[in-house]
Every structure is written in structure tokens, then in C-alpha cells.
Amino acid sequence: MKMLNTTSTRKSNKSGKAWRGLLAFTLLAAIVWTGGPHSTAIASGQQAAASQLQGQEQKQAVQAVEAAARSFTQIEAAHNYTIALRSDGTVWAWGRNLWGELGLEGNPGFRNTVAPVRYAGLSDIVYIHINKSDQNYMAVKADGTVWTWGHNDSSGQEQNGLRQVAGAAGVAKVVGGYGYDIALLNDGTVSTWTKQQGDTGKLSFGKPAAVKGLNQVVQIAYGYPKAYAVKKDGTVWSWQPVATPREGAETIKPTAPTKLSGLSGVTSIVASNSGVLALDTKGKAWSMDENGKKQALYPILTLKEISGSADSLLLLTTGGEVFAYGQTSTGKQGKVRGLTRIKHIAAGEDHGVAIDEDGKAWGWGHNKFYEAGGPSVRSDGMVYTPMLARPAVDTIINGQWLNSIYPTLPQGETVYVPIKDAAKALGITMNAVVNNEGFRIYTLKYKERFAAFRIGDTEAKAGNVTFELPEAPIVYSGATAVPYQLLEQGLGLTVQWNEQLSQLTISD
């Protein structure tokens, strides 16, 4: 069974039907125009065909709008992993997870996730940030609150649970530093607060304090040990959020901001411990080191975004092309081939990612942990030509999102479902036994129905009846996964796969 733009479990022939319907409509119109003996009846058929075609077009238009609501709008990359924000306010992650880097609830100890996984508990998000200093994540909700989660302790005592930063309100964007965070507020001012990590790895946050003298700010950045702000007038300012002990707790007293001379007309910056990279209103990039020395960067290019550092740089042109320089993720300099119509980029330590105008994610470079978004075809785990990331699949069970740390995965002739979590959501009893031949047999009981399957075997049973699955059950990311047809044919559940929306719906 081929899964080509279908909204059901059957192969779709919608495009063919639409074409044949249009052809029939044209022929009917020609006959009616010539005034044939049955022109009245044919005209009635013409109207019916036109109505059907209009209904199909309306349905396609609705699906296009729904698909746009599931497009990626922001993407961030770090050391072998990626997180992305979708237009519906959900946040997704893929890549390495050896020490819980992805920050998934429950601190799962699997090596990596093979496709995007949604963070349960995060909704209405408008901005995301990876704090590469402290290896955790931050997000801003539409209501202006700030939330943090992730790998918070290098000793291995991770605290991955989602937590709200107390006292942070009216926030538009946030960046994380080493020992403190910085927030750009909706009114154009800036605040900052400290964070401490206890013996158990749990983070505690200090009271937010305003950075005096800063207003009309449009962007903030962090480059140890300094913080930076870009004002609406195009000037760049820097300060140091100094944390001082007070009665056993960390308080913060930022130094007075100072303007960086030599930079003007700036729209955005990227900061590091060696200085800043700035993009101006003319689309030109500049570097300024910690001593104030300014230098033009690749002036032949007209840019709309920069990412990375002076040592490893990604540049996005106004024409939607991407260029890489320095210590690039592939070792190649210049234009990144295979990328067009790009609207956003992000440079990780060993891989690069991008979002195109359709809201789809792309990745290249190091991909040993699927951080580029899909499986590598090379034994060294490298992706030299950017690959389209696997889809972020919404799994809906009886009207509710499936909350799972494992992805739902379209592959081959099916869509794989993490069966343990799906069984829990559906009220299915799942057991495993070893038969006389030494094979592990999994059994599923749903109401009065029974199904059985084995990893790597396309034969399954529904009661005493054997049937064939389009693909064999597999294990990925530490999860046992089955083709959705096992739930449909084996247990009699209703399953619909909408490829255009990347949505799997299961109901009893």
C-alpha cells in the first residue's frame, strides 16, 4: 500500500478523480453548448460536477490552511540535537539524548530520537531558546510567562521537568547565560535574573531585576561574560549581569550599559565570548572583537540573518540562499547546495538546520544521532546535501494528543506507532511472553478482541486468524513500534492517516 496524499487508510486516487471529473465536465459543457437533444439533463449533470469539484477545492483549501498551522516558524541547534517551534505553539525536538539533552519528561535514557517528538505540557509558545551554557531550554508563552526545562546538571542528576520562572512576566524573548537569564520585555525594556543549581540538580531562580538605562530594545544576546542589546535606533549596547551573594541567595546587579562605538544601523546581532557579529539595515554583516576592532564579513552577500560565530558561520541571503564559512559542519566553504527559499537558519556545533518558506525543516552536517532530521545514508553519519527532516506527526487518540517521548514514524508502507504509550491511552492490555521456540510474542487485548505480533515479522494474528502487515513491527529509540494496521485489522479500531497534515487519528 502506497501512502500518497491520503486521508484514509486506503490508497488515494483523488488527483486522478479530480482530473477525470474536470475532463468529463469539459465534454459535457461542449455538448450542452451545441444544443444536443439531452441538453437539459446534461446541464443538470454539469452543475452537479461543478458542485463536486468546488467541494473538493474547498476541502483542499481547508487542508492547506491546517497544514500551514503545523509549519515550523523557529529552529535552534546545539550539540547533536535540534528543537523547533511550530506555528500552532507546540515545540518539537530530535537528535541525541545520551544524557537527557532533549529534556523529555521522565529523563528517558535512550541514545537518540529518530524523528521529531513533541514536548508534552508546552502549548501557546511564541519563542524558544537553547541555553548552550547550561544545557537547558527556555520558552516564552503568548501570555508573557517564561518556562524552562532540560538537562540541568552535568553530574548526571538531570531535572527535565517543565518549570515556570517565577516573577518573569510580560516577556517577548529570552536568552540564557552562564548563571543567569536575560529577557526582552514587550515594552522594549530588559530584565535579568540569576539561577542556581542545588545538590540534586534542581534549578532555583532569583528575582528579576531591570537593566536600567535600556529601552526601545528590539533584540538581546549573550556572549560570556557580557550581555548585549540592539535598540530600535540601530545602536548596540553591552553590560555585565553581575551576581553577588546576599544572605545565602544570589541577587543580581547589572552594570550600566555602554554603547559600542563603530556599530550603527544594526538590526540584529550574534554574540560570543570573542565579540559580536552584527547585521545592518543594508543587509551587510560585520564582526567586532572584544577590543572593538570592526571588520566587514563577506560584503558581496546581502543578508537577512546570521547564525553561529566568527569561527563557524551560517549566512542567509535575502534571496533565500545559505552560505557557510569557517569551521563548517561539512568542511565545505561557500554556498550550501540544495537549499532554496529559506527563511530561517541555525548553526549547531556540528550540524546546520534551516526552515524553508513552506515551514519545513532541513538539516545537514553531522547526523550520527539524527540531529539533521532523518537517517544518514553514509556509514560516517554525515549529510553533505541537506535533507528534509522527517515530519512532526500529530497522533490523536480519541480526540486527545498522544503524550509520548517516542515519535510516531511514517516509514515504508505504513506509519509506526509507539505501541506501549498508545495502548495505555486506548485502554489496551499489553503483555509479552517467550514461546517454546524462544521468540518474544507480544499480545494486545482490547475489550473482547485479541491481537498478537512479533518484532521483525509481518505476520500477525487477530484472535485465531493470521493476517499480513505491510511492514514488520520494529524497535526505535528504545520503543516497540507497530504499523497502525495492526490496531485497525487486529483490534478493529478506526485509524486515519492524513499525509498532508502529518496526522494519525485513532479512535474506538
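Modeller: A pocket is an open set of points, on a 1 Å grid over the protein atoms alone, with protein on both sides within 12 Å along at least five of seven lines; its lining residues have an atom within 4 Å of a point. The model is predicted, so local features need pLDDT of at least 70 and side-chain atom pairs count only at pLDDT 80 or more, while totals for chains, interfaces and linings use all residues. Residues are numbered from 1 along each chain as its sequence is written, and side-chain values use heavy atoms, with hydrogens and water left out.

The largest pocket holds about 1400 Å³ of space, a volume being the space filled by probe spheres set on the points, which are joined across faces, edges and corners. Its lining has 45 residues, and Glu76, Lys132, Val270, Ala271 and Gly308 lie nearest the centre. Strands 1 (72-77), 5 (125-131), 9 (171-176), 14 (217-223), 20 (266-272), 24 (303-308) and 28 (342-347) each give two or more residues to this lining. Strands (E, at least two residues) and helices (H or I, at least four) are DSSP runs, numbered from the N terminus. By type, the lining divides into 19 nonpolar, 19 polar and 7 charged residues. Here Ala, Val, Leu, Ile, Met, Phe, Trp, Tyr, Cys and Pro count as nonpolar, Asp, Glu, Lys and Arg as charged, and the others, Gly among them, as polar.

Strand 14 also holds Gly223. Gly223 is buried at 4% relative accessibility; buried means under 20% relative accessible area, exposed over 50%, and partly exposed in between, with a 1.4 Å probe and protein chains only. Residues up to four places away in sequence aside, Gly223 touches Tyr228, Ala271, Ser272 and Asn273, where contact means heavy atoms within 4.5 Å. Its C-alpha atom is 8.0 Å from that of Val276, 53 residues away along the chain.

A cavity is a set of grid points where a 1.4 Å probe fits but cannot get out, and the whole structure has 3 cavities of 30 Å³ or more. About 120 Å³ lies in the largest cavity. Of the 16 residues that line this cavity, Arg118, Val393, Leu402, Ser404 and Tyr406 lie nearest its centre. Strand 4 (112-118) and strand 32 (394-397) each supply at least two lining residues, and strand 4 gives the most, with 3. The cavity lining comprises 10 nonpolar, 4 polar and 2 charged residues.

Strand 32 contains Asp394, which is buried with a relative accessible area of 3%. The side chains of Asp394 and Arg86 are joined by a polar contact of 2.9 Å; such a contact is a pair of N or O atoms within 3.5 Å, and within protein one must be able to donate a hydrogen and the other to accept it, with residues adjacent in sequence counting only if both atoms are side-chain atoms. Beyond four places in sequence, the residues in contact with Asp394 are Arg70, Arg86, Trp92, Trp401, Ser502, Gln503 and Leu504.

Turning to the packed regions, the largest nonpolar core has 28 residues, and Ile428 and Leu486 have the most contacts inside it. A core is a set of buried Ala, Val, Leu, Ile, Met, Phe, Trp, Tyr and Cys residues joined through side-chain atoms within 4.5 Å. Among the elements that give two or more residues to this core are helix 3 (419-426), helix 4, strand 37 (440-446) and strand 44 (503-507). A second, separate core of 18 residues includes Leu85, Val91, Phe110 and Tyr119.

Helix 4 (residues 484-491) is largely enclosed by the rest of the structure, because 6 of its 8 residues are buried. The buried residues are Tyr484, Gln485, Leu486, Leu487, Gly490 and Leu491. Apart from neighbours within four places in sequence, Leu486 is in contact with Leu444, Ala451, Phe453, Ala460, Phe467, Leu469 and Leu491.

Of its 508 residues, 47% count as buried. Among contacts between residues at least 6 apart in sequence, 45% join residues at least 24 apart.
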